[in-house]
Amino acid sequence: MTVALPKLALFGVGLIGGSVALALKQAGAVGEVVGVGRSTANLEDAIKLGIIDRIAADAADAVRDADVVLLAVPVGQMAGIMQTIAPHLAAHAIVTDAGSTKQDVAALMQQHLGAHLAYCVPAHPIAGAELSGASAARADLYQSRNLVLTPLAATHPDAIARVTAMWQACGANISRMSAAEHDAIFAAVSHLPHLLAFALVDMIAQRDNADQLFGFAASGFRDFTRIAGSSPEMWRDIALANQPALLAELDAYQAQLDKLREALANLDSAALNQVFSNAQQARQNWAARITD
Ligand code: NAD
């Protein structure tokens, strides 16, 4: 049987990249998966877990004859990798990524992969967890989840079709939008919530009575702060890469907090009730939608 993707070069064999490899293997949609990483221990785990077939000797070895090069590393690492692989890419190799921000990745592709732009396909899977590393990878991570493509003006339709087919083989539903629209949306519904969760846990941890506070923290605290268990490097890079959109969301949230503070200071029960009721209704509607 011929597989759709004979060789995948995977830079970053963590939760996101590892889950792509497992899903493609389970679907019989990939031949060899060659891994590149920073940690030998993690890459050796990935071999034991059947995520990758071998560890690349170096970046040139990884991309040699690769049909698809998938960059699944923190977005702050993308520039260095693009620079390193550019001279070694096969003529028709697709370069795609899984980064959580898209305008920065698109700009880096323009800067470092100028001769290869027709085959560059920025992408972001809307699935994940607060866990990291190869051991967190799961074959079903992308099943029925959204995958957003933000193709460049120069991206060839065949390259988009190949990346679409790769993610469909992982079980994902494909959407398309501009990189700017993507970054504005995810600043609001993903990047801001992560910033807030990190801020709250850090604030509590700095208190003199932190032990006592954590000792009494229960399910509300757990649910609000789950994502503060995420990789600091990954979220530092996302915040910096999406700085303008994230600052705008932070300002909007600050204005909302000011409004709530004023209502509380004035013991304005109607104002508090209005915000809480609107939020409860919107949260219930959203929850019903995502469990469909
Ligand atoms: P992860 O920490 O589980 O995996 C990233 C891997 O990349 C690590 O094994 C790390 O050692 C490796 N790495 C770092 N720098 C490298 C380099 N220069 N060369 C080779 N390997 C390198 O993180 P993850 O959750 O898989 O995230 C990967 C990407 O996916 C990030 O860009 C992130 O923004 C994006 N993403 C994450 C989620 C999520 O919920 N975790 C969701 C969607 C997209």
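**The ligand shell and a pocket**

Mentor: This is a predicted model, and in it the residues of the shell around the ligand divide into 14 nonpolar, 11 polar and one charged.

Trainee: How many residues surround the ligand, and which are the closest?
Mentor: The ligand is surrounded by 26 residues, and the closest are I16, V73, Q77, S100 and G133.

Trainee: Which elements supply at least two residues of that shell?
Mentor: Those are the helices α1 (15-26) and α10 (232-241), together with the strand β7 (123-126).

Trainee: What lies 2.6 Å from an oxygen atom of the ligand?
Mentor: That is a backbone N or O atom of V73, while a polar side-chain atom of N42 lies 3.4 Å from a ligand oxygen atom. On the nitrogen side, an N or O atom in the side chain of Q77 is 2.8 Å from a nitrogen atom of the ligand.

Trainee: And how much of the ligand does the protein bury?
Mentor: The protein buries 89% of the 830 Å² that the ligand exposes when taken alone.

Trainee: Changing topic, what lines the second largest pocket?
Mentor: The lining consists of L195, L196, A199, L200, F224, L250, Y253, Q254 and L257, and the elements giving two or more residues to it are α7 (179-206) and α11 (243-265).

Trainee: Is that lining charged or nonpolar?
Mentor: Eight of its residues are nonpolar, one is polar and none is charged, and the space in this second largest pocket comes to about 240 Å³.

How values were computed: Residues numbered from 1 in each chain as written. Predicted model: local features only at pLDDT ≥ 70, side-chain atom pairs only at ≥ 80, totals over all residues. Heavy atoms only, no water. 1 Å grid on protein atoms, 1.4 Å probe; cavity = no way out; pocket = protein on both sides within 12 Å on 5 of 7 lines; lining within 4 Å. Points joined across faces, edges and corners; volume = space filled by probe spheres on them. Helix = DSSP H or I, 4+ residues; strand = E, 2+ residues; numbered from the N terminus. Nonpolar A, V, L, I, M, F, W, Y, C, P; charged D, E, K, R; others polar. Near = heavy atom within 4 Å. Polar contact = N/O pair within 3.5 Å; in protein donor to acceptor, adjacent residues only side chain to side chain. Areas by Shrake-Rupley, 256 points an atom, 1.4 Å probe, with all protein chains shown as cover.
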